[in-house]
Amino acid sequence: MGKIIARQKLASEPNMTRTTEITDIEILKSRIRQLEQQVEKNKDFKRELIGNQERFFKLIDTIPYGVIETGDEGFVTYCNRACRTLTGYDEPEIIGKPLWELIVEKDACGLSPKALKKITEGQLRNRPYRCQILTKSKSVVDVEIAWEYSRNKHGDVVGFTGVVTDISERIKAESELKQSELRYRSLFEKAGDAIYLIEAEGSDQGRILDANQAAAQMHGYCIDELKNLNIRDLKNHQTKNEMQQYIQYAKKNDWISQQIRHRKKDGTLFPISLSATEVCFGGKKVVLGIDRDMSHQENIKEKLHEQVCFLQTVIDTIPQPIFYKDTKGNYLGCNQAFERLIGLKKEKLISSTVCDIEPEQLAHVIARADHVLFEKQEPLVYEGRIRFEDQKPRDVIINKAVFFRKPGAIGGLVGGIIDITELKRVEHEKDLLATAIEQTPEMVIMTDLNHEIHYVNHAFERISGFSRKEVIGKTPAILKSGRHSKEFYHNLWLTLKEKNIWTGRLVNVRKNGERFIVEATIVPVQGKDGEVTNYLAVERDISEEIVREQQLRQVQKMEAIGTLAGGIAHDFNNILSAIMGFTEIALHDLPPSEKPNSYLKKVLTASERAKGLVKQILAFSRSSEQEARPVEVGFIIKEALKLLQATLPSTIAIKSYIETSAAVMADPSQIHQVIMNLCTNAAYAMRGKGGVLTIVLLQSKIDDIVQRRHSDLDKGDYLQLSVSDTGCGMPARVLNRAFDPFFTTKKQGEGTGMGLSVVHGIVRGCGGSIHAESAVLHGSRIEIMLPMIEKKQNGQHESEESLNLGNERILFVDDEPFQVELATEMLQRLGYQVTALNNSHKALDMFAKQPDSYDMIITDMTMPGLTGDELARRAMEVRQDLPVIVCTGYSSRINEHIARSIGIAGIAYKPLVMKDLAKIIRQALDKMKSLASA
């Protein structure tokens, strides 16, 4: 441009010189250089301006308030970070967006296109506006926008810059404050208690600044009248100084409370509960007072006091001790009976605990019970033992229950004590009596006057088989067996109606139809007036006793006969010994071809039968020592039945049920004899019409039913052998004598009567028992119980051996001369050197003088003066290694066990047979020699 001007000047001055032209060019160059420098400065300024602008926008981005710029059309040209966060838009999304799309109430803040036009024309005033922004997520935010116009250098409005503040929390707080003020004002106005605001300072101290309607009504004033009063005017004779002290105290403490009296407008005094504190109101500190009218509560308190006094009087009149405690166990009160119980007045009892008045152990029990009560909160009743004022221990029942001061809040417990010492004593006696009646083995029956049963004890149920439910309400006729006549019962009840005690025997019937005999005592029970109220019957079941009596008579009879049989057997054995011994010697001396030899054999055979008869007698009397060993009874039954089947007629069928292979300890020949005797007797009973012979063998245990039939047996395992028939049976009189020796119903020549008696003796000898049942025309049944052994053992039969000979020196002693002669002959034939005497004292003296002259002593058991066992003792005192053999046919003083305890080497049973005598002598001598050599 400078160049154009220069040219113009040059054109306008054509006459200028060349020098002037050069100077102008230099000036122009200088100006150009200045312009270039200015351009450089402008660039630097621009760069600085851009840097400042960037720093400005960074600063704007860090402030917590939103900043937004628009053009004059209202489109957004800039938005800082806080504003973007508030609206939810990113920078690209919000730049160029019309501002009125972000504003909910556009006209209110003057940001609509129409309003913007008025703003640019200067018609609207610039001021902060409250409005709501619609965010990108369509939520609404309360904001306040303060904005300024943006103008160009000519003063025209080209846009505006606004500062956006989120006022959501402020609006919420303002709303809550407003609601709070409304709420508290409503509370102030509608409160049931009187509320005042009182001047706390200055000359007007105590003046009522404000009061609610309740305060006006409580004192009989209107609100405006109260506002003209000093709080001192409402109090009863309160001085100004007292009022000042009260206000100062209220200012120093959060709250103060007191019970005072106020005066109404009409001068009436009434009680109030006053609470006061210092508060800030209207920018200054005042006293807030709250009064509650206590007139109603005071009336209630007076009535409550009257009720408490009344209840205490009522409780004191109760004879049982009553007390009450708090939850910590402290006594709150009691009645006079409890005072007497513990020996303390109520005033001293209150606030004490059970530990202060009871021994430690008892106190611990009571405290534990209280703890359980508070835990479960259910009434608690338990028995205890405490000492009353007389220091005597008493049984008591303690009742306790919790009480509540308000729902859900336990106030403590209340308890009562009932002295049950006398009641418990009576109950104890009653229980003792009831227990005794229940446990007594006799039946006890109680009936009323109509003979209806009211009570039976346990023994009645056990014996009769009827339960209590089955007989209560019925009469004793339920037990009638039909065995007594009407006259019998008439005399019984006649005795009772005359108030006399009846005693006698009754035949009753059990529930299962079985009859039983009782020994009864029936007593008419009389009341205090002497009138009969009930009948009491005590009945003792004597069925088993009667059976035992019969069995005892049978046993006594058997023992008496056994004793007689034993004595006979002793003498008979001695006679048989002579017969058999001399016959045996004679047989050895005679040639076998001689005719007398056959006669002597017949004599010996007859003697053997006689010996067997003696064994039966001794078995019956349980006096003989048999060879007992384990015997399988089932096997012997089968062997016996083989013999019977060949001899019994075809009209008699035999049935056997052998259900066990168990064994008993017995002599096999005796068990065989028992079976044969029982079976032949059963067959004899069916000899006319025939029938069925049944043999049953099984294992059994002794229970109550079995023990009624076998009362002499102990509990344990037994073999039960029963033999029954379908024959003619036996009447009771015959059945009672069935086991008597020599008693028989058979015709002469058909039996000796020893069969069942021998069976009885064998069974008793094995430790068993026998029982017979029979009815005419209904057959008979014999039941035998034998003790079972645990393990069956097989015995071994010894083979027949030749005579055992010897040459030792033997001293033989027997009081019977022919026995001495017989023994001498037999022992010499066996090779022994014999010295025989018939005087036991003389024999002992001879042995004592020369004890080494004899190798053995054989002595009879039963001798006058000095018995065989005593002779053996004295001889062994002289020489301990001497073997002694005792001979006996029967003696109650000697058996295998006694012989071993004395030291006797063996027992030889009469009648003596040479073979048996030789065997026992040899065994004793050889055993002694083996001991000596060892």
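## Basis of the model

Because the model is predicted, local features are reported only at pLDDT of at least 70 and side-chain atom pairs only at pLDDT 80 or more, whereas totals for chains, interfaces and linings use all residues. Residues are numbered from 1 along each chain as its sequence is written, and side-chain values rest on heavy atoms, with hydrogens and water left out.

## Overall make-up

The protein holds 31 helices and 32 strands, where helices (H or I, at least four residues) and strands (E, at least two) are DSSP runs numbered from the N terminus. Of its 934 residues, 39% count as buried; buried means under 20% relative accessible area, exposed over 50%, and partly exposed in between, with a 1.4 Å probe and protein chains only.

The accessible surface comes to about 54,800 Å², and 53% of it belongs to carbon and sulfur atoms; these areas come from the Shrake-Rupley method with a 1.4 Å probe, and for residues only the protein chains shown count as cover. Among contacts with a separation of 6 or more, 54% are accounted for by residues 24 or more positions apart, a contact being heavy atoms within 4.5 Å.

## Cavities

Rolling a probe the size of a water molecule over the atoms shows where empty space is left. A search of the whole structure finds five cavities of 30 Å³ or more, and the largest cavity has a volume of about 100 Å³. On a 1 Å grid over the protein atoms alone, a cavity is a set of points where a 1.4 Å probe fits but cannot get out, and lining residues have an atom within 4 Å of a point. Grid points are joined across faces, edges and corners, and a volume is the space filled by probe spheres set on the points.

The lining of the largest cavity consists of 14 residues, of which Tyr331, Phe338, Glu358, Ile366 and Ile417 lie nearest its centre. Two or more lining residues come from each of strand 11 (322-326), helix 12 (336-342), helix 14 (354-357) and strand 14 (393-406), and helix 12 gives the most, with three residues. By class, the lining of the largest cavity divides into 11 nonpolar, no polar and three charged residues, where Ala, Val, Leu, Ile, Met, Phe, Trp, Tyr, Cys and Pro count as nonpolar, Asp, Glu, Lys and Arg as charged, and the others, Gly among them, as polar.

## The largest nonpolar core

In soluble globular proteins, nonpolar side chains tend to be buried together. The largest nonpolar core here has 43 residues, and Ile637, Ile671, Ile675, Leu678, Leu693 and Ile784 touch the most other members. The largest share of this core, eight residues, comes from helix 23 (residues 668-685). Such a core is a set of buried Ala, Val, Leu, Ile, Met, Phe, Trp, Tyr and Cys residues joined through side-chain atoms within 4.5 Å. With residues up to four places away in sequence not counted, Leu678 touches Val723, Leu756, Val759, Ile782 and Ile784.

## Buried residues and their surroundings

Met580 is placed in helix 20 (residues 543-589) and is buried, with a relative accessible area of 2%. Leaving aside neighbours within four places in sequence, Met580 is in contact with Leu604, Ser607, Glu608, Lys611, Pro911 and Val913; from C-alpha to C-alpha, Met580 and Lys611 are 9.6 Å apart in space and 31 residues apart in sequence. Pro911, one of these contacts, is joined to Lys910 by a cis peptide bond with omega about 0°, and Pro911 is placed in the loop between strand 32 (906-909) and helix 31 (914-933).

Val157 lies in strand 5 (residues 157-166) and is buried, at 12%; Val157 and Asp72 are 85 residues apart in sequence and 6.7 Å apart in space, C-alpha to C-alpha.

## Positive phi in two loops

Lys138 has phi near 70°, a positive value in a residue other than glycine, and is found in the loop between strand 3 (129-134) and strand 4 (140-151), where Lys138 counts as exposed at 62% relative accessibility. Leu777, likewise not a glycine, has a positive phi of about 70°; its place is in the loop between strand 26 (769-774) and strand 27 (780-787), and Leu777 is exposed, with a relative accessible area of 70%.

Key:
On a 1 Å grid over the protein atoms alone, a cavity is a set of points where a 1.4 Å probe fits but cannot get out, and a pocket is an open set with protein on both sides within 12 Å along at least five of seven lines; lining residues have an atom within 4 Å of a point.
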